[in-house]
Amino acid sequence: MHKKTVGISYLIFSLFLGACTSNPKANRFAKIDVQVDSVMQLMTLDEKIGQLVQLTSKPDGTLVKESVDIIKKGQCGSILGAYSAASTRKLQQMAVNNSRLGIPLIFGNDVIHGFKTLSPIPLGEAASWDMEAIEKSARVAATEASAAGMHWTFAPMCDISIDPRWGRVSEGAGEDPYLGSLIAAARVRGFQGRNNDLSDTLTMLACVKHFAAYGAPIAGREYNSADMSERTLREVYLKPYKAAIEQGAMSVMTSFNDLNGTPATANQWLLKDILRGEMNFKGFVVSDFNSISQLMSHGVASDEEEACSLAINAGTDMDMFSKIYLKHLKQLVESGSVKESVVDKSVRRVLRVKFMLGLFDDPY
């Protein structure tokens, strides 16, 4: 079916649903879910899996030929690394004009403490205890980065850290869960706007990272295991993530570490029971850079296929960089190792955010 049908389908459904409810907020989300369903009815399994794949590019939008082909086939949902209005527009045109359904890409980058205008490092901002200034810092960063074609920032980092030997302590808010929670919420307000209107062209999708307990590696060694009681996890480490989600953040990044022996990217208890069950998170989960592949390094997956199965079944919706979902997920669905309904849930979460960002109305 021609990709213009996508626009026609979700327009018809949204008009119908808009007439059925008078609650503006409920109406907005209900319309989006119907729009998502109308698009998914048109998608092949390859196109669904594509929405869960994030490729990388150079800042100027340069891609290897393989990635160009993947985008034109509709098998890529997001790009990491490109910025500037010109480079992101070039890549967006590639997806919208060449793929069968023309589903737009999300462009993400690390915008941590400013884009063009730099603020103090997050730990330095935290030392101010000035929530208004911290929120404004994120607001300025979002305004500048969105003007450069970006939709998504991999911030705020909500990891509590009590060990100064850990190198990334500078990217967080320190050791106190109360202060960390206030700052996490302030940064989300800054990036996404106080009304959480992601369709506003000067807001960005926030990403809560790194879920969970990434800031507690044994001996402060990066990527090391985190080993703690559930009480400590809940009373100290989970609170800032929860505050950011309650503020409206619609994406979460898994952490590289294992927690009490289970890697976060394959941890159903963290991603399903706590994140989606207890915290009622409605957005999508993205792996950290190549962390699905690193399930083999953790020793819980014997090969890429098993890593793929573990990650998607645990609730990791999008694969950053590794292309493991692209290479193996279709085969796993066809063999019955992964249910297509699991893939569908992940795709719905990604598409829901794309509609919230307004990308189907204006990809550019």
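1. E47 counts as buried, at 7% relative accessibility. In this predicted model, the E47 side chain meets that of R100 in a salt bridge, 2.8 Å from N to O. The two lie 53 residues apart, E47 in helix α3 (residues 45-50) and R100 in the loop between α5 and β3. R100 is partly exposed, with a relative accessible area of 32%.

2. K48, also in helix α3, is buried at 9% relative accessible area. K48 forms a salt bridge with E340 (3.1 Å, N to O) and another with D344, where the closest N and O atoms are 3.0 Å apart. E340 is partly exposed at 34%, whereas D344 is buried at 15%.

3. The whole structure holds 22 salt bridges. D110, R168, E171 and K209 are linked in a network of them.

4. Helix α5 (residues 85-98) spans 19 Å between its end C-alpha atoms, close to the 20 Å expected. Its buried residues, among them L91, M94 and V96, pack against α4, β2 and β3.

5. An open sheet of 3 parallel strands runs in the order β5-β6-β9. β5 and β9 each have a single partner strand, so one side of each lacks a neighbour in the sheet. The twist averages 25° from one strand to the next. Between β5 and β6 there are 3 bridges, with C207 partnered by S251. Helix α9 (residues 230-246) packs on the sheet, touching β5 and β6, and its direction makes about 160° with that of β5.

Conventions. Residues are numbered from 1 along each chain as its sequence is written. This is a predicted model: local features need pLDDT of at least 70, side-chain atom pairs count only at pLDDT 80 or more; totals for chains, interfaces and linings use all residues. Side-chain values use heavy atoms; hydrogens and water are left out. Helices (H or I, at least four residues) and strands (E, at least two) are DSSP runs, numbered from the N terminus. The expected span of a helix is 1.5 Å times one less than its number of residues. Buried means under 20% relative accessible area, exposed over 50%, partly exposed in between (1.4 Å probe, protein chains only). Contact means heavy atoms within 4.5 Å. Two strands pair if DSSP finds at least two bridges between them. Axes are lines fitted to C-alpha atoms, for helices over the stretch in contact, and angles run from 0 to 180 degrees between N-to-C directions. A salt bridge is a side-chain nitrogen of Lys or Arg within 4 Å of a carboxyl oxygen of Asp or Glu.
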